[in-house]
Amino acid sequence: MRFLSALVLTLFLFLSLATAAFAGGGGPSKNFTKGVFIEIDRTAGTAVFQASDSEVSTTLKLGKEVDADNISLDEKVMVTLQEKEDGQYAVKVETMFLDLSMSKFITLMVVGLVGGMLSGFIGSGGAFVLTPSMMSLGVPGAIAVASNMCHKFPKALVGTYKRFKYGQVDIKLGLVMAFSAIFGVQIGIMIQKAILNAWGNAGSNLYVSVVFVIVLVVVGGYVLRDAVRLAKHDADDKTSPLALKLQQLNIPPMMHFKTAGVRISAWVTLPLGLATGMLAATIAVGGFIGVPGMIYVVGASAVVASATELLIAFVMGTWGSIQWGLSGLIDIRLTLLILSTSLIGVQLGALGTTYVKDYAIKLVMAAVMLIVAISRGAKIPGYLADLGLIEPLGAAMDSVLNFVSFWALVAALGTAGVIITASMTIGMMKARKEEKALAAEEA
Amino acid sequence: MATTSVTKKKPYLQTVLFGILSLASYIALFAHEEWVTDTFTRGGYYVVYPMVTAFWFSFIHGAFGSNLLSTLGLEAKVAKKK
């Protein structure tokens, strides 16, 4: 049986890596080029461009979306290209490396600290607010995603190491989930591409947002109900009825996860990893599915599931960073600024888990998921209007929705920070009291 | 598994050493900002630069963070789980 499960795992590993290599992983789309503009001809609407990966310069047609006056010469830019009837046009020009002022420094470091704490505590998080934060500072979207991805794996590595030391990481479960998730990511990307081809950009955005909101509200709501129930009785976690039933399914190969204390069929874990990857490719927050999946489907405790998620984040983050790095989109300065605080935050969050009961982890996770769902939900009317399904939104409405969307993310992070700090402080005070009482007893 | 002792000495020296190493790495990188941003975003094999840098900082800055928290008295509770 042990041999069979090893065989299935190995086959799955190779299959996932081969598919990932074939599909090109979860990296960026290829419709952009990087380089510097040498000369601009405003009357002809063209510009001479020197791409970084080419020896010779080319002349690019500037689309009407591009304001030639805003292009600075000899500054590294990222140019989005679009094929039109009469040739290829530059439709977007973005400065690759923004000047980092003190306020930007501080913003990135604060978000990094709280995001790190959240990661250390619930296994994932931070990315959902870091990418939009960077973009609001003026970082191009692709650079923000890439730099954020490159910050994810070192943070997850440190978090995994810490929580492994506390005896909370199930390495086997983490690797099974991570590699099946890589496979799932490829399927997710294929679905995304099919939707993009059929319904265009607005359709794809709408699809992503609707899936995001539904999944987060349903799963987050369920986790919240469970957390509140446990909190009322101040009880420890019990294995979910679904997980208990699934554990009884004796379909070989069976897998034994020691730290999680679970014996379950590979026919449960592999599809779960697959689904996590598929959703990660769609809504970009795989951990919000992976952790509840490991708790309610596999039957691991919230402590083990959130710790194991860090290992998954490490594997997937490393893989993703290589993909984005191959396209040369990682701004390491942004990555390192976030890491300067998130590497401390992740360890703080990790040690916090040793002082709290399982429901505190669930409570934080549910709160974050539900508030983030509001943030994305606020984007849906805009996408519906883009598709012509509802009347166009006025400028005022548009800015209100954008305001709600951004500040809901900040609120999610703030709420998480407050709950984690409060539950950790209470736990630490309780532990000190117990220690003192014990010392007094011994004396 | 971590060995947790109640009367553990605080790692002041390690905190300072890793702190200096980490700060020096940050200063070195930001002092050569232009070269770094250009080289690290060339793509292809140059992916090694950001990856190795991220690993380097995760080790030294991670070790600094760990020692800093210990110095501040923020330690994990003795393992609840086996």
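Me: Two strands count as paired if DSSP finds at least two bridges between them. How many bridges join strand β1 to strand β2 of chain A?

Reply: This is a predicted model. In it, six bridges join β1 (residues 32-41) of chain A to β2 (residues 46-51) of chain A.

Me: What holds paired strands together in general?

Reply: Backbone hydrogen bonds do, in parallel or antiparallel pairing.

Me: What do five strands of chain A close into, and in which order?

Reply: They close into a barrel, in the order β1-β2-β3-β5-β4. The pairing there is mixed. From one strand to the next, the twist averages 60 degrees.

Me: How many helices and strands does the secondary structure of chain A come to?

Reply: Chain A has 13 helices and seven strands.

Me: Why is chain A called as compact as a globular protein of its length?

Reply: Set its radius of gyration against the globule rule. For 443 residues the rule gives 22 Å, and chain A comes to 24 Å. The two values are close, so the chain is as compact as a globular protein of that length. Along the principal axes, its C-alpha atoms fill a box of roughly 85 × 50 × 45 Å. Buried residues make up 49% of the 443.

Me: How is chain A divided into domains?

Reply: Domain 1 spans 32-95 and domain 2 spans 102-441. Their centres, taken over C-alpha atoms, are 37 Å apart.

Me: Why does Asp74(A) count as exposed?

Reply: Count its C-beta neighbours inside 10 Å. Asp74(A) has 8. A residue is exposed at 12 or fewer, so Asp74(A) qualifies. Asp74(A) sits in the loop between β3 (58-62) and β4 (77-84) of chain A. Its phi is positive, about 60 degrees, although Asp74(A) is not a glycine.

Me: What makes β6(A) and β7(A) a pair?

Reply: Four bridges join them. At least two are needed, so β6(A) and β7(A) pair. They run antiparallel. Val262(A) in β7(A) is the bridge partner of Phe257(A). Four residues lie between the strands of this hairpin, where Gly261(A) takes a positive phi near 70 degrees.

Me: How do you know that the peptide bond from Pro252(A) to Pro253(A) is cis?

Reply: Its omega is near 0 degrees. Pro253(A) lies in the loop between α6 (241-248) and β6 (254-257) of chain A.

Me: How many residues do chain A and chain B bring to the contact?

Reply: Chain A gives 37 residues and chain B gives 36. On the side of chain A, α4 (141-165), α9 (302-326) and α10 (332-352) each supply at least two residues. The largest share, eleven residues, comes from α10(A).

Me: How do the residues on that side of chain A divide into nonpolar, polar and charged?

Reply: They divide into 21 nonpolar, eleven polar and five charged.

Technical notes
Residues are numbered from 1 along each chain as its sequence is written. Chains are lettered from A and ligands numbered from 1 in the order in which they are written. This is a predicted model: local features need pLDDT of at least 70, side-chain atom pairs count only at pLDDT 80 or more; totals for chains, interfaces and linings use all residues. The radius of gyration is taken over C-alpha atoms; the globule rule is 2.2 Å times the number of residues to the power 0.38. A residue is buried if 20 or more other C-beta atoms lie within 10 Å of its own, exposed if 12 or fewer, and partly exposed in between; C-beta atoms are placed from the backbone. Axes are lines fitted to C-alpha atoms, for helices over the stretch in contact, and angles run from 0 to 180 degrees between N-to-C directions. Two residues are in contact if their C-beta atoms, placed from the backbone, lie within 7 Å. Ala, Val, Leu, Ile, Met, Phe, Trp, Tyr, Cys and Pro count as nonpolar, Asp, Glu, Lys and Arg as charged, and the others, Gly among them, as polar. Domain bounds come from an automatic or database domain assignment.
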